[in-house]
Amino acid sequence: MAQAERIPADPNPSPETEAFWEAAKAGRFLVRCCKACGKAHWYPRTLCPFCASLDTEWIEGSGRGTIYSYSYMRRATPPFVMAYVALAEGPTMMTNIVDCDPEGLRIGDAVELAFRSSEGGFAVPCFRPSGVGAAS
Amino acid sequence: MARPASAYIAGAYELPMRLYPDKSLAELQAEAMLGALADAGLERSDIDGFFCGPDAPGTGPLSIADYLNLKLRHVDTTNTSGSSYTIHVAHAAQAIAAGKCDVALITLAGRPRSEGRAKGALARTDNPQQPDFQWEHPFGLAVINVYGMTAMRHMHQYGTTSEQLAWVKVAASHHAQHNPYALFRDLVTVEEVANSPLVCDPLHRLDCCVVTDGGGALLVVRPEIARNLKRPLVRLIGSAEAPKGQNGGEFDITVSGAAQSGPAALAEAGVTGADIRYASLYDSFTITVLMQLEDLGFCAKGQGGAFVADGGLISGVGRLAVNTDGGGLCNNHPANRGGMTKVIEAVRQLRGEAHPAVQVPNLDLALVNAIGGQLAVRHASATLVLERE
Ligand SMILES: [Zn+2]
């Protein structure tokens, strides 16, 4: 039996990001996208980091990506995998890889969204190796 | 090329101990100041500029400046974490050139060891309202796990190995054996580093810098003042700073801000990396040194592993001597902020006052680079080029 999984800490939503965390509680993964230049960015913000337009909107993220890099925090209790995942939408986000054999992970591995509940009940967007979930 | 009006580092002092259980932060600030003044041959009343980081308790510079009872006409509390004090040297020179002060004191003091604050494993103490907090804090961001991601990506992209990274620590231990003040003075081998326990894959325990109490101080002074002192003349001839962030999620974590600050500082100095035989490079982790060597241009991107292998950074052995005091990996990392001790050892080298076993002969140029913050997330690189006149 594997050790208990790390429980994510709570985020601190702001008026700028409440919609993301509300949608997450409903199982939806939003990505912020710019209507002016068409690019998605991470982390989500009103100001497009690429073209400085304020004309940005939430879009439904695919929840799919690949591992850009990771590290295995094996000394933590419980241990966990810190990662950057390159989203199918373009930008790379910080996350944890869950439901995995940490020593079997490779950069470039395909991963898919796996929400985890934080200490205070927020749905935190983590990822797991593609194909692990019952749905796939 | 014409060099800009510049300033001199006339005083440099490193607090000798690595554990201060019975001193206040303010006392350490005072001892650091007095040490630098004695080194330079200046009086407290000569100081008219004060630079400090958030390790100085109180609002900006106000409490410590008042405790030290400084009479000031210029203050600067630029905070880029560990590289703050490296940036302060450049900002002090700029303030002096602009006529805003004549003698600038830069201080650092902290007691993370006495206060039981380990470096890498604990979460950062961030402001929950900073915009990135909610996208990073839930995932357990700690210093070591983001540096671990940098190392993992560098290994993936360039074939860098744990054994190559280990050479950075081995070189530090070769230097630290000659430093009576160093926290760790024992020689270590590549095998010992690479076989030390994994803390956060791919980083091992001996890939990580030490946690120490302590600090230090620098005095940056107007040229006319420096020339009237009895110390060897160490002049700042080039400097640059480069904050680097996540660029909206489009980033390459194998490149640091040193790729910007390094070439800019060298160009201002009118020298190239080939002219540099000693460098102080922030060694929070072994990978940090590798990244700076590449980004500063000492070797091509991805070739850092080969550059550091086989004693490449050991004074008298390699092409480039690095961190001859033993660095943060073996000697000292006071207050978890390494930018101050990096400048101090470069000044020792240029004065010819490093330990004879590690002194680079006839040294007239040195480079200092510090990376403050987290390589893979947000950091600021600061580069200085110093010249012995
Ligand atoms: Zn845009």
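Let's start with helix 3 (residues 84–97) of chain B and helix 12 (residues 339–351) of chain B, whose axes come within 6 Å and cross at roughly 60°. Helices here are DSSP runs of H or I with at least four residues, strands are runs of E with at least two, and both are numbered from the N terminus. The axes are lines fitted to C-alpha atoms, for helices over the stretch in contact, and the angles run from 0 to 180 degrees between N-to-C directions. Helix 3 of chain B and helix 12 of chain B are therefore oblique to each other (under 35 degrees counts as roughly parallel, over 145 as roughly antiparallel, 65 to 115 as roughly perpendicular, and the rest as oblique). On the helix 3 side of chain B, Tyr85(B), Thr86(B) and Val89(B) make the contact, and from helix 12 of chain B come Gly339(B), Met340(B) and Val343(B); contact means heavy atoms within 4.5 Å. By class that gives four nonpolar, two polar and no charged residues, where Ala, Val, Leu, Ile, Met, Phe, Trp, Tyr, Cys and Pro count as nonpolar, Asp, Glu, Lys and Arg as charged, and the others, Gly among them, as polar.

A word on what you're looking at: this is a predicted model, where local features need pLDDT of at least 70, side-chain atom pairs count only at pLDDT 80 or more, and totals for chains, interfaces and linings use all residues. Residues are numbered from 1 along each chain as its sequence is written, chains are lettered from A and ligands numbered from 1 in the order in which they are written, and side-chain values use heavy atoms, with hydrogens and water left out.

Ser81(B) has a positive phi of about 60°, although it is not a glycine.

Now for helix 9 of chain B. Helix 4 (residues 143–158) of chain B and helix 9 (residues 286–295) of chain B have axes that come within 10 Å and cross at roughly 55°, so the two are oblique to each other. In this contact, Tyr147(B), Thr150(B), Ala151(B) and His154(B) of helix 4 meet Ile287(B), Thr288(B), Leu290(B), Met291(B) and Glu294(B) of helix 9. Those residues divide into five nonpolar, three polar and one charged.

Helix 5 (residues 162–176) of chain B also packs on helix 9 of chain B, at an angle of about 100° and with the axes 8 Å apart. That makes this pair roughly perpendicular. Here Leu165(B), Val168(B) and Lys169(B) meet Thr286(B), Ile287(B), Val289(B) and Leu290(B) of helix 9.

Over in chain A, the zinc ion has Cys34(A), Cys37(A), Cys48(A) and Cys51(A) as its protein donors, each through SG, at 2.3 to 2.4 Å. Donors are N, O and S atoms within 2.8 Å of the metal (3.2 Å for Na, K and Ca); water is not among the atoms, so sites may look incomplete. The four donor atoms make angles of 103 to 118°, and the site is tetrahedral (four donors with all angles between 85 and 135 degrees). The spacing in sequence is C-x2-C-x10-C-x2-C.

Finally, two cis peptide bonds: Trp42(A) to Tyr43(A), with omega near 0°, and Asp201(B) to Pro202(B), with omega near 10°.

Definitions and conventions:
Four donors count as tetrahedral if all angles lie between 85 and 135 degrees; four count as square planar and six as octahedral if opposite donors are over 155 degrees apart and all others between 65 and 115; anything else is irregular.
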